[in-house]
Amino acid sequence: MKLIKNTGNDRVIDELRQTLASPSSLELASPAFSLFAFAELRDLLDKLDACRVVLPATNGGELGLTGSDTDRPFRNRLQLRWLAGECGAWVKKKVELRGAPALLPQSILIAGNRDSELHRVITGNCAFTTEGLGITPGNQFSLIQCSEKPEESAILGSWFTSLWNSLPASDQQRAAFLSCLQELADPNLISHLEIRAW
C-alpha cells in the first residue's frame, strides 16, 4: 500500500494513465463528477472494456459537472457543450451507472486489468474532479491510498463491490445523468452554469 500525495508526478491521474492501458476496466464511486476531469482521461476512457460508476442521485450542479473555482481556465476554453456531448456518448456506449441515495463520504477508483500487475485500487479524497485527480491544487491534507499488491486490491475493492451490489439496478439514474449532460450540450439552452465562466 502506498500513499498518493496528489502533487508533482505523484498524482491520481498519473496512476490512472499507467493502469488504464487497453485492455482494462474502471470502477468508480465518487461524490462528484467533473467534465474537465473526464476531458483529461477521455481517450483512455473511450478504450475501456467496461466501466461501472456510482454517483449520488442528485442533479448536475450538485455533482460538479462544470467544475469548481479552480477550473476557471478550463471553462474559459469554451468547450463545455462539446465535453458534455462527448461524455454523454461515452456513458451511452461504455457505462453502467447506479445512484447512491446519499452523498458518498469518499471515492474509490478501481483501474486496470485484474490479471495485470498494474491493477490498482485508489481510495480516499480522490473524487472524479480536477482536484481529486491532482490536475489542479487540492487540499494538502487529503488522504489517498493506492494498492500495490493483489491482496490489497481485493480488500479495498470489496468496498466498491459491496456498494454496487447494495444499489438497485435501474436505468433511472443513468437517464437522469444523461439528461444533465444533454442540457449542458444543447446549444439552444443558455445555462446559468456557463455564465459563471466569465
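Visitor: Are helices α5 and α8 roughly parallel or antiparallel to each other?

Guide: In this model, which is a predicted one, α5 and α8 are roughly antiparallel to each other. Helix α5 covers residues 80–94 and helix α8 covers residues 172–185, and their axes cross at roughly 155°, which is over the 145 degrees that counts as roughly antiparallel, therefore the label.

Visitor: How do their axes come together, and what is the crossing like?

Guide: The axes of α5 and α8 come within 7 Å, and α5 passes α8 in a left-handed crossing.

Visitor: Which residues in α5 and α8 meet there?

Guide: On the α5 side the residues are L80, R81, A84, G85, C87, G88, V91, K92 and K93, and they meet R174, F177, L178, L181, L184 and A185 in α8. Sorted by class, the residues of this contact divide into nine nonpolar, two polar and four charged.

Visitor: Switching topic, what about α1 and α2, at what angle do they pack?

Guide: Helix α1, residues 12–19, and helix α2, residues 35–46, pack at an angle of about 15°, with their axes 10 Å apart. That angle makes α1 roughly parallel to α2, and the crossing of these two helices is left-handed.

Visitor: And which residues meet in that pair?

Guide: I13, L16 and R17 in α1 meet E40, L41 and L44 in α2. By class, this contact has four nonpolar and two charged residues, with no polar ones.

Visitor: What does the side chain of D71 make a polar contact with?

Guide: The side chain of D71 makes a polar contact with the side chain of T130, at 2.5 Å. If residues up to four places away in sequence are not counted, D71 touches S34, F36, T130 and T136.

Visitor: Which helix is S153 in, and is S153 buried or exposed?

Guide: S153 lies in helix α7, which runs over residues 150–166, and at 7% relative accessibility S153 counts as buried. Its side chain makes a polar contact with the side chain of S147, at 2.8 Å. Not counting residues up to four places away in sequence, S153 touches H119, V121 and S147.

Visitor: How far is the C-alpha atom of R114 from that of G8?

Guide: Those two C-alpha atoms are separated by 27 Å, and R114 and G8 are 106 residues apart along the chain.

Visitor: Last one: what is the phi of N6?

Guide: N6 has a positive phi of about 65°, although N6 is not a glycine. Most residues other than glycine have a negative phi. N6 has its place in the loop between β1, residues 2–3, and α1, and N6 is buried, with a relative accessible area of 13%.

Terms used
Residues are numbered from 1 along each chain as its sequence is written. This is a predicted model: local features need pLDDT of at least 70, side-chain atom pairs count only at pLDDT 80 or more; totals for chains, interfaces and linings use all residues. Side-chain values use heavy atoms; hydrogens and water are left out. Axes are lines fitted to C-alpha atoms, for helices over the stretch in contact, and angles run from 0 to 180 degrees between N-to-C directions. Helices (H or I, at least four residues) and strands (E, at least two) are DSSP runs, numbered from the N terminus. Angles under 35 degrees count as roughly parallel, over 145 as roughly antiparallel, 65 to 115 as roughly perpendicular and the rest as oblique. A crossing is left-handed if the near helix is turned anticlockwise from the far one by less than a right angle, and right-handed if clockwise. Contact means heavy atoms within 4.5 Å. Ala, Val, Leu, Ile, Met, Phe, Trp, Tyr, Cys and Pro count as nonpolar, Asp, Glu, Lys and Arg as charged, and the others, Gly among them, as polar. Buried means under 20% relative accessible area, exposed over 50%, partly exposed in between (1.4 Å probe, protein chains only). A polar contact is a pair of N or O atoms within 3.5 Å; within protein, one must be able to donate a hydrogen and the other to accept it, and residues adjacent in sequence count only if both atoms are side-chain atoms.
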